[in-house]
Amino acid sequence: MTEFATPVRKHEKYERLIAAAKALSPLTTAVAHPCDETSLKGALEAAEARLINPILVGPKDKISKVAQSLSLDIGRREIVDVPHSQAAAEKAVELVRTGKAELLMKGSLHTDELLAEVVKRETGIRTGRRISHVFVMDVPGHPHTLFITDAAVNIAPDLMAKRDIIQNAIDLYAGLGLGTPKVAILSAVETVTTSIPSTIEAAALCKMADRGQITGGELDGPLAFDNAISPEAVRIKGIKSPVAGQAQILVVPDLEAGNMLAKNLTFLSHADAAGIVLGARVPIILTSRADNVRTRLASCAVAVLLRHSQLNQPIRA
């Protein structure tokens, strides 16, 4: 029996992002609790690539033991010694809030633990925007970098939360120097029907864009996934839309749908998925234990490019 060969992954889109970030100055990055192989190596690899200057925040003895076990040189790296992961999250956020770091990076602690410190009213780094996550997907064979949001933070966002989720993604796209994005608001069908609430929200979001409540992107929805990314599906179904078949930002109905879509592309289409959290004062770099080196560097590159853009033009509330 003949086995199917695994397609060779190509990284042209990520290579462009990484190259663009390398052309800028590295940004000081507070790395919260880098106490396992993935998180410590990820921070050091990004530093070696001249994307970031990491400040390692966590139990010094534990970080040193991990580094020693992996033969990693951390002698030149600043370490802020705190006793545990919660203290690391708190201190890393403080470094950003006080201007000692320009980026925040998740280490080997739970995302909720870090974001709980980010959103604290008195000591956090929240803005008027809802916090949201974007997967920046490099899908082999697809012409566009795909942004999928939100597949990691907001479980069942309401209409106004989706407004912020979309605006965060548009600002990210523009901040990476990619221009004006085409934004598809996904559902199961392309017609508005009361039996599928996400189609009604999609229509409302498009009208909000018409009224200036969402800016900087070209929106359409509801659109089924095939109608969002396949010009052939659009042609067959006779859909008239400047977004359909050409979407760069895919807005999912809820976290479950987004998570399934992103992992489907990762494991069946052999895509890579860089991760970033938006809506705080600075971008927050999220990496996964399953990420390869290229994906970890891409996550850092995306954050660096966006932060440099924000420093020139601060994020809107």
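Reader: At what angle do the axes of α6 and helix α11 cross, and within what distance do they come?

Author: In this predicted model, the axes of α6 and α11 (residues 293-312) cross at roughly 90° and come within 9 Å. Angles of 65 to 115 degrees count as roughly perpendicular, so α6 and α11 are roughly perpendicular to each other.

Reader: Which residues meet there?

Author: From α6, Asp171, Leu172 and Gly175. They meet Val302, Leu305, Leu306 and Ser309 of α11. By class, this contact of α6 with α11 has four nonpolar residues, two polar and one charged.

Reader: What is the average pLDDT of the protein?

Author: The average is 93, and 95% of the residues score at least 70. Over residues 1-8, though, the pLDDT is below 50, and that stretch has two contacts in the model beyond near neighbours in sequence.

Reader: Switching to the backbone. Where are the cis peptide bonds?

Author: One joins Thr149 and Asp150, with omega about -5°. Another runs from Gly221 to Pro222, with omega near 5°. Most peptide bonds are trans.

Reader: Where do Asp150 and Pro222 sit?

Author: Asp150 is in the loop between β6 (146-149) and α6 (159-175). Pro222 is in strand β8, which covers residues 218-223.

Reader: Which residues other than glycine have a positive phi?

Author: Arg50 and Ser71 are among them: phi is about 65° for Arg50 and near 60° for Ser71. Most residues other than glycine have a negative phi.

Reader: And where are those two placed?

Author: Arg50 is found in the loop between α2 (37-48) and β2 (52-58). Ser71 belongs to the loop between α3 (60-69) and β3 (78-81).

Reader: Is Ser71 buried or exposed?

Author: Exposed: its relative accessibility is 69%, and the cut-off for exposed is over 50%.

Reader: On to charges. How many salt bridges does the whole structure have?

Author: The search finds 16. One of them is between the side chains of Lys120 and Glu117, at 3.2 Å from N to O.

Reader: Which salt bridge links distant parts of the chain?

Author: Glu218 with Lys182, for example, where the closest N and O atoms are 3.2 Å apart. Glu218 is in strand β8 and Lys182 in strand β7 (residues 182-186), and the two are 36 residues apart.

Reader: Buried or exposed, those two?

Author: Lys182 counts as buried at 18% relative accessibility. Glu218, at 32%, counts as partly exposed.

Reader: What about Glu232, which residue does its side chain meet?

Author: Arg235, in a salt bridge of 2.6 Å from N to O. Both lie in helix α9 (residues 231-237), three residues apart, or about one turn of the helix.

Reader: How accessible are Glu232 and Arg235?

Author: Arg235 is exposed, with a relative accessible area of 57%, while Glu232 is partly exposed at 42%. Elsewhere, salt bridges that share partners join Glu48, Arg76 and Arg77 into one network.

Definitions and conventions
Residues are numbered from 1 along each chain as its sequence is written. This is a predicted model: local features need pLDDT of at least 70, side-chain atom pairs count only at pLDDT 80 or more; totals for chains, interfaces and linings use all residues. Side-chain values use heavy atoms; hydrogens and water are left out. pLDDT is the predictor's confidence in each residue, from 0 to 100. Contact means heavy atoms within 4.5 Å. Helices (H or I, at least four residues) and strands (E, at least two) are DSSP runs, numbered from the N terminus. Buried means under 20% relative accessible area, exposed over 50%, partly exposed in between (1.4 Å probe, protein chains only). Axes are lines fitted to C-alpha atoms, for helices over the stretch in contact, and angles run from 0 to 180 degrees between N-to-C directions. Angles under 35 degrees count as roughly parallel, over 145 as roughly antiparallel, 65 to 115 as roughly perpendicular and the rest as oblique. Ala, Val, Leu, Ile, Met, Phe, Trp, Tyr, Cys and Pro count as nonpolar, Asp, Glu, Lys and Arg as charged, and the others, Gly among them, as polar. A salt bridge is a side-chain nitrogen of Lys or Arg within 4 Å of a carboxyl oxygen of Asp or Glu.
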